[in-house]
Structures are given as C-alpha cells and as structure tokens.
Amino acid sequence: LFDDMVAVMQSSSESFVAAQGWMDIKRQEGQKKRPPTVGKQFKSQVAKLMKALKLCTPHYIRCIKPNAQKRPDTYDLKEVRRQVKYLGLLENVKVRRAGYAFRESFVRFVSRYRCLCPKLSKRFRGTEAQMCAEICKHIGWTSGKEFLLGKTKIFIQLAASLFLLEDLIERRRNAAAIVIQKAYRRFKNRKKYLILRYKCYEVVANKKERRQQSIKREYRGDYLDFRYNQLVQGLLRQDGTKEELLFADRSQVAILRGKKGLFRLLRSAFVKEDQFSQRFIVLTNAYLYSFEFALDETTRKTVIKLYFRVPLSQITGVTLSTYADNYAIVHFAPAARTVDIVQACRRKTELVGLLVNAIQNKSNRSLPVNFTNKVEINVSLKKQKMVEISWIRDPTVAQGGQVLKLIRHNVRVHAPTGIPAARVQPPPKVTETDKSIQVRQMLEAVYAFKGSDVDELSFEVGDKMTMIEAENQGWYKATLNGKTGYVPVDYVKKIRHVEKKA
C-alpha cells in the first residue's frame with residue numbers, strides 16, 4: 001500500500017480501524033511513489049498535444065454530410081446548402097477573395113518557382129524579394145494586380161494565378177525529365193551504336209563511294225519512333241511474341257512491274273514520281289517489312305497496307321553499286337513469294353549493316369553483299385521476266401540524289417560523284433564487352449581472424465574471399481573454401497578479381 005493511504009487509516013479514531021492492525025504498520029517516507037492522478041495525466045497529455053500542434057501548420061477542414069442515409073454518390077442539395085450556409089463557408093470565400101488567397105515567404109517561393117525563370121538559373125545577384133519580382137515579371141504578372149510584395153512575403157490574390165504557377169512548374173519538370181531521359185538513353189546506347197556503326201562501315205569499306213552526310217551522321221536505328229506507334233507494335237506482335245525493332249525509315253521503291261508492264265509504265269525517258277512507291281522499311285530481329293499507312297474506306301480509320309513480311313532466313317543477298325547513290329536491291333528466296341525489291345533509302349548503309357548483323361545473330365549465316373554496277377533481277381513471280389539495272393557516275397546529279405532512266409528497255413541509275421572509298425576514314429572502333437568475363441569483388445585478409453560464432457569465418461593472412469554482400473554495421477558477408485559467413489571490415493581489404501566462365 002502507498003504511504004498516504006496508511007497515514008489516512010492510522011489517523012482514524014475508530015476502534016474498528018485500530019482493531020484491524022493499521023497502527024502496527026510502519027511507514028517509511030518515500031517507500032512507494034504516489035501514482036499520478038487522473039487530472040495530472042490529463043494535464044500532461046494536453047501539454048504534449050499542444051506541443052505537437054505548435055510544430056505544425058494548422059489547416060481547418062469543414063466536413064459536409066452529403067446525405068442522411070450514408071449512401072455513396074448521393075447528394076441532398078437542400079441539406080448541403082444548409083450546412084454551407086451555417087458553417088459560414090461562403091463568407092470565408094468572400095473574405096479570402098477580398099484579400100490574398102496565397103501568401104508565402106520569399107525564400108520558399110524562390111526555392112519552388114525559380115526554375116520558371118531562366119535568368120535565375122544563372123548567377124543572379126540580388127535579394128529574395130528581387131528574385132520573386134523577376135519570376136513574376138517573366139511569367140507576365142503585374143505588381144498590384146496579380147501579386148504584391150511585402151516585407152518578407154509575396155501575396156497572390158487570385159487562385160487562378162496560383163493554379164497557373166503550378167501548371168507552369170509541372171510543364172517545366174516534365175520537359176526536364178524528358179531531357180534527362182534522352183541524355184540517359186543516349187549514354188546507355190552510345191556504345192551499342194558506335195559498335196554498330198563500325199560494323200556497318202566494314203560492310204562497305206573500300207567498296208563504295210560515300211556521301212559526306214552518310215559518313216558523319218550518328219546511327220539511331222528507329223528514325224520514325226515506331227516503337228511508340230500502336231499500329232506498328234501490333235504488326236510486330238502478330239506471332240504472339242514482340243519482335244525487337246532494329247531499323248525503321250522511309251524508302252522509295254521503284255515500280256518495275258504492274259498491270260501495264262514495265263515498258264509501258266516507263267513510257268518516258270525519266271522515271272516519273274508516280275512510278276515510285278513511298279513506303280516504310282522496318283527491320284526486326286526476325287523479319288523484314290515493307291508497308292505504308294492507308295485509310296480504310298469502311299471504318300475511316302488508319303490501317304497498315306503490308307507489301308511483304310519476309311523472314312530473315314529467306315533473304316538471299318543484297319546488291320549495292322560502287323557509287324554514292326541510295327539504292328539497295330534486296331534479293332529474296334522463291335519461298336518468300338515476293339520479287340526482289342529495288343529501293344532508295346537515305347540510310348542504306350545502316351540498313352544493310354543491321355541486316356547482315358541480324359542474320360548472323362539469328363541463323364549464324366553470312367549474308368552476301370555484292371558491289372557491282374550491273375545486275376539482272378526478275379520482276380515477275382508468274383514467269384521469268386528479267387530486267388537489267390546498271391549504274392553510271394553523273395556529275396550533273398545533285399548530292400544525295402539519283403536519277404533513273406530507261407535505256408533500251410533496261411533501267412540505268414545516274415549516281416552523283418561521291419567521296420572515293422579509299423579516302424573514307426573509318427569511324428572510331430569500340431571493343432565489345434566480353435560477356436564471358438565476370439569481374440567479382442574479392443576480399444584479401446590483412447590480419448588473421450578466428451571466428452567466435454557459427455556465422456563468422458576464420459581466416460589467415462593472405463586468404464582471399466568472395467564478397468557476397470556489402471558492408472553492414474562493420475561486417476562483410478563472404479565465402480571462403482565453400483563456407484559462407486561474416487568477416488570484420490577492419491581485417492580485410494578489397495581487391496579486384498577477374499574470372500572467366502568455362
């Protein structure tokens with residue numbers, strides 16, 4: 001019992017209390033601490049609550065009950081109006097409109113919105129108030145109308161102005177995120193495309209004249225952003241598995257056959273514009289596509305008009321001239337059920353290089369690439385109908401172009417003068433990463449250690465261990481002689497170990 005209760009009972013003059021033995025109990029001052037009373041507990045709890053509230057910024061919320069039946073998506077307008085009226089919400093809104101709905105210190109305003117003003121992104125010498133004024137001036141606000149500067153705070157009267165600020169900063173952040181993503185993707189894929197560029201160069205090295213723009217440009221693969229096109233992505237998934245998009249670009253296909261036949265179609269000295277088919281050429285890790293977008297007359301929706309979809313295994317070769325033209329002839333096997341395609345593509349070197357590399361990776365087969373200025377191709381699936389295509393150098397043709405002419409029932413390509421093959425400098429060669437080599441983090445013992453627990457490793461000076469987990473509270477997790485355990489950080493040092501897979 002507590003001393004205060006014993007003292008109360010001993011102070012009683014009743015004989016009944018004395019008979020119960022209360023007088024025989026010895027009291028010691030401070031024997032037991034008196035428990036806190038209910039009032040003291042309440043007082044301490046309220047003090048803690050007020051201390052926590054003072055550390056926060058209060059926001060007052062008015063709750064409105066939409067209906068008395070507690071039903072979702074049901075609003076009793078009469079009841080809602082009554083609550084709004086008696087809570088004084090309309091009066092609060094009127095007061096806020098008459099004053100300034102938003103007020104913020106200069107430091108916090110500049111910290112949040114300085115990215116909206118390019119002038120502040122550089123070294124701007126001035127006070128926080130001047131920075132706030134620069135931000136508002138850049139947005140197009142007028143002092144006294146949209147905003148007002150106080151001694152330590154900026155005041156914005158209209159809520160629409162604040163919404164505009166948030167919208168602008170959201171756009172700026174999205175634009176910055178896109179720039180960061182582009183830079184990261186460029187950094188991530190730079191080595192890949194440098195290796196690809198050198199492989200494409202090896203295909204045409206010392207065999208073909210080049211255009212200046214073709215030598216210096218960077219390779220991207222997908223020049224039409226087809227990886228974001230839903231129609232194209234649906235085309236690449238028609239087998240159930242998504243194909244890897246390697247190359248996508250525009251191409252100009254020469255029409256060498258038709259209902260009227262080749263020689264009626266080419267009825268002038270020059271091949272006319274309507275005798276070309278503007279298409280898209282797409283290369284994946286499994287197929288080569290040629291298609292165009294068309295409008296469906298029934299649904300009035302854009303659809304894909306597919307000319308061919310040929311597996312890489314049915315491509316038998318590619319023919320290029322030795323001049324600086326854009327034409328590349330792709331030869332197909334009879335099983336492809338399509339004639340050889342004569343197409344002009346500005347990025348033909350990248351296309352041919354990627355095609356050679358894709359076939360090598362898929363079927364371990366080298367695709368023949370022929371460099372010749374005269375070739376015969378069959379332009380009919382029903383019967384043998386051969387057309388001879390030849391190339392000549394024509395200085396009158398503009399750089400980056402070519403002209404097709406009909407010469408004695410055959411086709412002749414007039415190509416411009418390019419940079420001689422011997423003078424073309426090779427691009428920088430980047431070595432590929434050997435994926436068979438593993439670089440593992442190793443630990444070497446500096447001092448001997450005897451493990452005192454079942455999960456600690458014992459080792460001698462010079463022992464080498466493979467680290468499994470990084471440092472955690474002064475310990476590494478490592479393996480030694482087939483055993484896994486923890487080793488102290490101060491007893492080992494990190495070393496690099498190169499191990500090649502078998």
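Predicted model: local features only at pLDDT ≥ 70, side-chain atom pairs only at ≥ 80, totals over all residues.
**View 1. Val 454 sits in the loop between β16 (437–445) and β17 (464–472).**

**View 2. His 331 is part of strand β9, which covers residues 327–332.** Is this histidine buried or exposed? His 331 has 12% relative accessibility and therefore counts as buried, since buried means under 20%. Its side chain makes a polar contact of 2.9 Å with the side chain of Asp 340.

**View 3. Arg 337 lies in the loop that links β9 to β10 (341–344).** Here the backbone is the thing to look at. Most residues other than glycine have a negative phi. Arg 337 is not a glycine, yet its phi is positive, at about 55°. This arginine counts as exposed because its relative accessibility is 59%.

**View 4. Asn 206 occupies the loop between α9 and α10 (212–216).** At a relative accessibility of 59%, Asn 206 counts as exposed.

**View 5. Helix α8 runs from residue 128 to residue 139.** At 1.5 Å a residue, its 12 residues should span 16 Å, and the C-alpha atoms at its ends are 17 Å apart, so the two values agree. Which residues of α8 are buried? They are Met 131, Cys 132, Glu 134, Ile 135 and Cys 136. The cover over these buried residues includes α6 and α7 (118–121), as well as the strands β2 (147–149) and β3 (153–156). After α8 comes Gly 140, with a positive phi near 105°.

**View 6. Helix α6 (residues 106–113) meets helix α9 (residues 159–204), their axes coming within 10 Å.** The axes cross at roughly 40°, which means that α6 is oblique to α9. On the α6 side, Phe 109, Arg 112 and Tyr 113 make the contact. On the α9 side are Leu 162, Leu 165, Glu 166, Ile 169 and Arg 173. By class, the residues of this contact are 5 nonpolar and 3 charged, with no polar ones.

**View 7. Helix α9 also meets helix α13 (residues 348–363), and here the axes come within 8 Å.** How do these helices cross? The crossing angle is roughly 95°, so α9 is roughly perpendicular to α13. From α9, the contact uses Leu 196, Lys 199, Cys 200, Val 203 and Val 204. From α13 come Thr 349, Glu 350, Val 352, Gly 353, Leu 354 and Asn 357. The contact of α9 with α13 contains 6 nonpolar, 3 polar and 2 charged residues.

Definitions and conventions: Residues numbered from 1 in each chain as written. Heavy atoms only, no water. Helix = DSSP H or I, 4+ residues; strand = E, 2+ residues; numbered from the N terminus. Buried < 20%, exposed > 50% of the residue type's maximum accessible area, 1.4 Å probe, protein only. Polar contact = N/O pair within 3.5 Å; in protein donor to acceptor, adjacent residues only side chain to side chain. Axes fitted to C-alpha atoms, helices over the stretch in contact; angles between N-to-C directions. Parallel < 35°, antiparallel > 145°, perpendicular 65-115°, else oblique. Contact = heavy atoms within 4.5 Å. Nonpolar A, V, L, I, M, F, W, Y, C, P; charged D, E, K, R; others polar. Expected span 1.5 Å × (residues − 1).
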